[in-house]
Amino acid sequence: MKLEELLWSDRQKTGQSGYKILFVGSEVMPYAATGGLGDVLGSLPAALAGRYPKCDIRVVMPLYSAIGEEWQQKMKDEAAFNLSLAWRRQYCGIKSLRRGNVIYYFVESEYYFGRDSLYGHYDDGERFAFFCMATMELIRHLEFWPDIIHAHDWQGGLSIVYKNLLCRGIEGYDRIRTVYTIHNIEYQGQFEHDILGDVFALGDEYHELLDYHGKLNLMKAGVCCADRVTTVSPRYAEEIRTPEFGRGLEYILNENPGKLCGILNGIDYDYYNPETDPALPVNYSWKKIDGKYKNKSALQKELGLPVREVPLLAIISRLASHKGLDLVCEIACRLVSENDLQLVVLGRGEARFEEFFTSLEQRHFAKVKTIIDYNRELSRQIYAAADIFLMPSKSEPCGLSQMIASRYGAIPVVRETGGLAESIKGFREVDGELQGNGFTFAEYSPGGLLECIMAALSLWQDEKKRRAFIKKIMQVDFSWDASAKKYMEVYEGLFRNEGGGRR
Ligand code: GLC
């Protein structure tokens, strides 16, 4: 087949108008994930493929050794080559798996990805440069010429940079449009300058493009090179243009104002479904919420908490300071000692928070349980068991936990920031009608959080209202439906006014 026939503009003439889209990211559920990015890359491509069956949607991620045997055994070998990156030439394999209508590719390199954790290695810059270069090579080797590369977070940023700079002048690549999504501006991928040529394989002429405040900044480079930039909620798209939230990148985002838009994430409605979730001791739905209480006693028993009908509060979070945990630390002792309630904390991260919550459990062992872990099964058991879910983030690009909590009937208590402000509306009672789908507070202060929790606890005390409110929040639509459509509008926008896909 000629390259011409592979291009969207030409296929459109023959009625095959669906886009070919390659998602590029460092984690994808259910293969390997450490947070929300994995959720999104595990569910958005499938949601798009379901809604737009003419589209050909594929996803590429590294083949980490953390990916379970059950998946690895099913993978098909697609290609093997030696990949050149700066002065290195190393083996690179490409494997694939099909799940539903989506093809997932895995970049194999024992040297870079055969390690015990996804991130946090001294050579992360080099690892993800290799991954992005392998993505360019995959396109040529497999002759899968996408219309759009949709790259995510700093780990995917170099794929757009390489497409624009190193593959420039090669027809197939020149026609590819690019979208870059920022999932969290806190993690920008910053490296020392001396690795520009040696590791990233980029000449000195590109120094300025990657440089930001004296460091190489891969998120900045992704933003500058991409045709469109998105982030994971409209409010966060506004917030990151300001010094308070932009983490220094606000200047760059403001230089490219027309490029950026925000689209709220959805959650995978098949996976996060209390009616069918295999991790739950008892399944339940908004029509029959009694099962929720059985999950609560099962969890209390499992964790060694007294099996009692007291409000169960939960935190499931990366233990990082922007998640608002400073506020929790300030009020936790008082909250726990002055109220008859239980608190379960699941997460790992900064040592100071791990230590705080561990010692809180030691001081209040009949009320608090802390599990330092990232455990998806247990997290769903906690969502199902919890009455109230705490997410007082200082900043929150989108947040998925509040949506999952809502679907599992755990009342979210959130701070009004980013995607939290857009997905959770404060509880109000107007003429006997219960409005909103959670409890919210605006000012980032311990007092604000405590007051908000107390309001949620007071609703909890009124059993009739509590049950009605739980039924209500469980029915709020957080599926991908609306957002998948918005992504498609972004993709369509890339081809508008551009003479049928030529550039
Ligand atoms: C990051 C953000 C979170 C967002 C997720 C998926 O983890 O911190 O707010 O929901 O990415 O986009």
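How many nonpolar, polar and charged residues does the lining of the second largest pocket have?

**Entry 1, ground rules.** I noted that this is a predicted model, in which local features need pLDDT of at least 70, side-chain atom pairs count only at pLDDT 80 or more, and totals for chains, interfaces and linings use all residues. Residues are numbered from 1 along each chain as its sequence is written, and side-chain values use heavy atoms, with hydrogens and water left out.

I looked up the second largest pocket and found a volume of about 420 Å³, a volume being the space filled by probe spheres set on grid points that are joined across faces, edges and corners. A pocket is an open set of points, on a 1 Å grid over the protein atoms alone, where a 1.4 Å probe fits and protein lies on both sides within 12 Å along at least five of seven lines; lining residues have an atom within 4 Å of a point. Of the 24 lining residues, I listed G42, S43, A46, D268 and D270 as the closest to the centre. Two or more residues of the lining come from each of α3 (36-51) and β5 (102-108), and α3 gives the most, with seven. Helices (H or I, at least four residues) and strands (E, at least two) are DSSP runs, numbered from the N terminus. To answer my opening question, the lining has 12 nonpolar, six polar and six charged residues, where Asp, Glu, Lys and Arg count as charged, Ala, Val, Leu, Ile, Met, Phe, Trp, Tyr, Cys and Pro as nonpolar, and the others, Gly among them, as polar.

I then turned to the 14 residues around the ligand, of which H183, N184, N265, E396 and G399 come nearest; a residue belongs here if one of its heavy atoms lies within 4 Å. An oxygen atom of the ligand is 2.6 Å from a side-chain N or O atom of H183, and one is 3.0 Å from such an atom of N184. Domain 1 (3-266 + 481-494) and domain 2 (290-474), with bounds from an automatic or database domain assignment, both give residues to the shell, so the ligand lies between them.

I recorded a cis peptide bond from M29 to P30, with omega near 0 degrees, and P30 lies in the loop between β1 (20-24) and α3.

Terms used
A polar contact is a pair of N or O atoms within 3.5 Å; within protein, one must be able to donate a hydrogen and the other to accept it, and residues adjacent in sequence count only if both atoms are side-chain atoms.
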